[in-house]
Structures are given as C-alpha cells and as structure tokens.
Amino acid sequence: MCGIFGIVKKEGHLLDDKKIYKMHKAQLHRGPDHFGYLKDGKVFLGNNRLSIIDLEQGNQPFYSSDRKIAVLQNGEIFNFVELQNELRGKGIKFDTSSDTEVILKLYEEYGIEMLNKLNGMFSISILDKKKQCLYLVRDRFGVKPLFYYKDSTEILFSSEIKSLLEVLKESSINKKALISYLKYNFVGGNESIFNNINSVKPGHYLKLNLKNNDLNEIDWWDQEKEIVKYQELLSLNSDIDLVREIIFDSIKIRMRSDVEYSAFLSGGIDSSIIVSQMNKITDTRFNTFTIGFNNSKYDESKFADEVAKELNVNHHCELINNDILEVWKDVLFYTEQPHGDASFMPMYLLSKLASKKDKVVLTGDGADEIFGGYDKYFHFNDEKNFLDDFTSESTLFKNSDIEQLGDFPNVKDVDIIRDLVNVDPLFNSGVLRDAPNMAMYLDVKFLLPNNNLIKPDRMGMAHSIELRSPFMDYRVVSLGLALRAEEKLKNKTSKYYLREAFKNDIPDLVSNRKKQKFIVPLNENKLNIEKFFKIIKNSKLSEIGITNDKFIENLYFNHLNNKSNNYRELRALAALSLWHDNFSKYI
C-alpha cells in the first residue's frame, strides 16, 4: 500500500524539485515508510511506501535489467504468489518476494495485456522507455485512486488530489461535479470537484506518448464478459458451493502479509463471514475491531461482542462518547472531495483504533452491492422505467431544488448515471437478466467507486493502514452479478447466498438476523440539526455558487417544524461547507 505520483514535462521544460517535494509531502500519510523515485530527463515518478509485502526488498521503483522499464504501484496484487510461480515455470528469475516485481516481470513477458492476470487493488505507473510511453493504470473497480492533470507544458498524476493542488498555480470549482454532489451526495464520474483534475476510470488505463505528451484512455477489462463466464460456471457447478469456494479463496489471498493483519467486525453477516473464514486459514488469534454508539437503537457492538466470543478473536470495541461531529472536518480533508455520507466518520475512528495494533485490516465492503444487501433492490421490477427508478432512488436534491440553490445552469444536462451505462443493450443482451441485478451492477459502477470504496481507502490511509475488501475480488463480483436476483433475494431475504453458503460457520444470531443498516445516530438529535445549520450559515458557500440563503433557511425551519424531513439535505450542505473550509485556499 502506497501513494504514487509523477510529473512529465513537455520537451524544453525542466522538472522543478520544489514541486516534486510538495507532491510527495502532501500524501506522505499514504506511505510513511519509504520514499522511492525515478528522475529521468523530463520524467519524474515517485512512491510513498507503506511496507506490507517484502519489508526489506520491496522499495520502489522496480527496474528491468536494462533499466528501460520501471514500475511503481499503490496497492496490492493478492495473487502475486501464483503469478510468480507461473513466471518461474517459464524460467524467469526473481530477486525479491515483492508483488511489484511480479508486475514488472509480467509486463516484460506479456506487455500491458498482463493486466487481466492481476487480482488486486491497485493504481500502477509503468514507464517503458523502449516504447516511449507511460502507462497509468487503475484497478477494475476503482478501489485505489488515481488522479491526473494536463496542460500545455506538463502532465501531473497522483494518488491524491491534494498532491496536485499543492503545485497547481490555480484551480477552480467544476460546476458539473458540484451538481453531481448535490444530486447524489457524492461526486460521480471521472471529473473531480476541481476543473481539469480528473480520475482514471476504474478498469481503464491512460497511455501517455512521451514524444508528444498525447494521452489516450483505454478500457482494459470487460466486466460483462466476465459475468457471462461465471454464468457458464454456475450451469456446471453448485451455486452455493461456488460462492463459498471463491469467497474463501478471496479471503485467503488477502491474508498474505509480512505484517500483522486483523479485521473489522460489526456483528453483521459480511464481517462475520470474513472473520470465521480467517479462523479456518490461520491458527493465530488475531485482532478484530468495532465502533459502537451510546444510542442503543443504532449500536451493533453488542452483536459484535457476541460474535467475537464465539469465534475466539482478540476483540477491541470503542464506544463513541464524544461528539462524532468533532472529526467531520478532518474526515473531509482526507476524502478530498465533498461526501455527505456520515458513515465516513465512524470509519475514520475505527481505522484510528485499528492503527494502534495493525497495518492490514480485512473489511466487508462491497457485499451489499453484489449479493443484494439493501432493501431498495426489492423495489426494482420494471425494466421499462428502470433508469428513472434507479436515479430517483439515488437522488438527494431534485433538479428544481438545485436550480434554486444558486448559480447552476443546465442542471438537467448533468446525468452522471446515464453517462456511465447504456442499460438498454445490457437488458437486451440478457447478461444481467433482471432489474434488481441491473441495480446492483450500476451500484458497482457508480456507488462503489465514487462513495463506498472511497471510505475504506481514504479513512484507512488517513491513519496509514491498509484496508482489504475480499468481496471486491473481481471473481466474487462477477459471480455475484451472475447469480439470479430472485435467488439472491429469495423469500424477501437479503443476501440469501451468503447466509446459505456460510450458515455452518457463523453464529445463528448473525445468520438469522435481519440486516441492520449502518446509520450514524445524528438525525434524531435536534442539536445536531442546529449544528448543521450553524456550519452552513458560517460558511462561504456563495464562493462556489450556492447563494440562496432563504432556500436553506426554509429547509432548516421546515425540518424543525416537522413539515418535511430535510436531514440528509442539511447534512450534505454542512459537509460541503466543511469541505470548502478545508480546500478554499486552493480555489
């Protein structure tokens, strides 16, 4: 786990060492153990390393024997052992046990097509001086971030937006991205909240021609083809057995580490499955962590305690006694873009708790979106109106409300979800079979990379720990989307396959328990609503185009007077205000 960054100058322009240092320092929390770099003419590539695999010899970059190819990565390749053995069978020798060296050797053997062999979470830079190109690669689901900026003299890239902002002369708010935030509670798509700073799309890579600095973006992974492959496997195998086998292996390879590992344990089915299977893989009694709330309506820590006792792990629980809003501004500093999701705050505190003990933590992220863990999936049954229903389900502020908030022309033209996926061909092809599966597929494309996977990456990295999500193994995702929704949601039960596949491994209190949605207990407290409003009133949102104070006041007073429930809208505006406090210096 690391952070990567780089600068490629146009011919005739010199690299700036001060700029390099600023980029390095801005994301030091992602990798405090070692700083490795390559400086070659007009190209600089850097790596902030958090040492997890091959602590002694794993520093980056990794070079080919002729020094013509260099590789740096942020993340982990979980199947590196199998890939290393495959290459050794071809007579290829290794100097280390690092997964980054495996990427280098794979590239030398297969070229950029080697990406489909990788099972992991990663952003990778590959400098190929023979071909005079630089590849910037992002993993299939966007677990690891990768941002870039281009102007007439240089191209910059980094694992963090802050690293870019620190060296840009000026930046401005991207109104399209801001509208996306107001619509969906997060910024969707590959455009960031800052103009001219974009992210490499999940499952894509950029190819930079070093001769003329031209950039091309290439889609390197065919998710639909992979789903069809698993549909064929399901026709030949027991679906329950296949679910169990693939998830078990996904957990097993994510336990590969040269440092201590642990797990988050909420008391729900996803984390309980992970901990139960970890127990089968190791004889070591490892740590588990949970955060609890004093409000019993939302507190799951008692379930986590019971599961921990049955599974015999070293369990650590921390109750949130202080005002959780105290960490909100820090959280939004690390998210870098506005996020209205309150669950980032307990994840931040949970990561802080885990960082006192371990560097690697397994989490249950992704299971809900793949195996049908949300109640909303029961509501999708009409293919004709599917996209309207899905968009409505995902919407925070309506278009008319956004237009009233301030200076936002062409709101109706911002349609991130429709930009991402053309659903008609997918329905017509029969690949996803039904509307609930299409909703899960869109959540994998839209919700996960833009919000739900931002949370473990940024909150873990804020405390220099690596969070690994076995359910985000591409085999698990492909299998989950290949399963029929009528079975995943059988008998109106969420995550039917997970319950059945692991019913003998997890305590009955978990397998028989209805999913408890993870909610931060803020909305029942009138004082918190007042805090939201105070944060908004004391902010300078007018600087980014939100100018209608009267509209915001109406939201607040209508909520207090029980005329309408505007909790999420007020929370989102408060989050935007705190985010702006953090980043206004760059605008």
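The crossing of α13 and α17 is right-handed, a crossing being called right-handed if the near helix is turned clockwise from the far one by less than a right angle, and left-handed if anticlockwise. This is a predicted model, in which local features need pLDDT of at least 70 and side-chain atom pairs count only at pLDDT 80 or more, while totals for chains, interfaces and linings use all residues. Residues are numbered from 1 along each chain as its sequence is written, and side-chain values use heavy atoms, with hydrogens and water left out. The chain averages a pLDDT of 91, and 94% of the residues score at least 70, pLDDT being the predictor's confidence in each residue on a scale from 0 to 100.

- The axes of α13 and helix α17 (residues 435-452) come within 11 Å and cross at roughly 50°; axes are lines fitted to C-alpha atoms, for helices over the stretch in contact, and angles run from 0 to 180 degrees between N-to-C directions.
- α13 and α17 are therefore oblique to each other, given that angles under 35 degrees count as roughly parallel, over 145 as roughly antiparallel, 65 to 115 as roughly perpendicular and the rest as oblique.
- From α13, F386, L387 and F390 meet A435, M438, A439, L442 and D443 of α17, where contact means heavy atoms within 4.5 Å.
- By class, this contact of α13 with α17 has seven nonpolar, no polar and one charged residues; Ala, Val, Leu, Ile, Met, Phe, Trp, Tyr, Cys and Pro count as nonpolar, Asp, Glu, Lys and Arg as charged, and the others, Gly among them, as polar.
- F380 is placed in the loop between α12 (367-371) and α13 (386-394), and with 4% relative accessibility F380 counts as buried, a term that means under 20% relative accessible area, whereas exposed means over 50% and partly exposed lies in between (1.4 Å probe, protein chains only).
- Leaving aside neighbours within four places in sequence, F380 is in contact with residues including F386, F390, A435 and A439.

**Other helix pairs**

- Helix α7 (residues 239-253) and helix α8 (residues 269-281) pack at an angle of about 70°, with their axes 10 Å apart, which makes α7 roughly perpendicular to α8.
- R244, I247, F248, I251 and K252 in α7 meet I273, I274, Q277, M278, K280 and I281 in α8, and by class this contact has seven nonpolar, one polar and three charged residues.
- Helix α24 (residues 549-560) and helix α25 (residues 567-583) have axes that come within 10 Å and cross at roughly 135°, and α24 passes α25 in a left-handed crossing.
- The contact is made by I552, L555, Y556 and H559 of α24 together with Y567, E569, L570 and L573 of α25, and by class it has six nonpolar, one polar and one charged residues.

**Loop residues with positive phi**

- Most residues other than glycine have a negative phi.
- K492, which is not a glycine, has a positive phi of about 60°; K492 lies in the loop between α20 (485-488) and α21 (496-501) and is exposed, with a relative accessible area of 64%.
- N562, in the loop between α24 and α25, has a positive phi near 60°, and N562 is exposed, with a relative accessible area of 72%.

**Confidence by element**

- Among the elements of the chain, helix α22 (residues 508-511) has the lowest mean pLDDT (78) and strand β7 (residues 133-138) the highest (98); helices (H or I, at least four residues) and strands (E, at least two) are DSSP runs, numbered from the N terminus.
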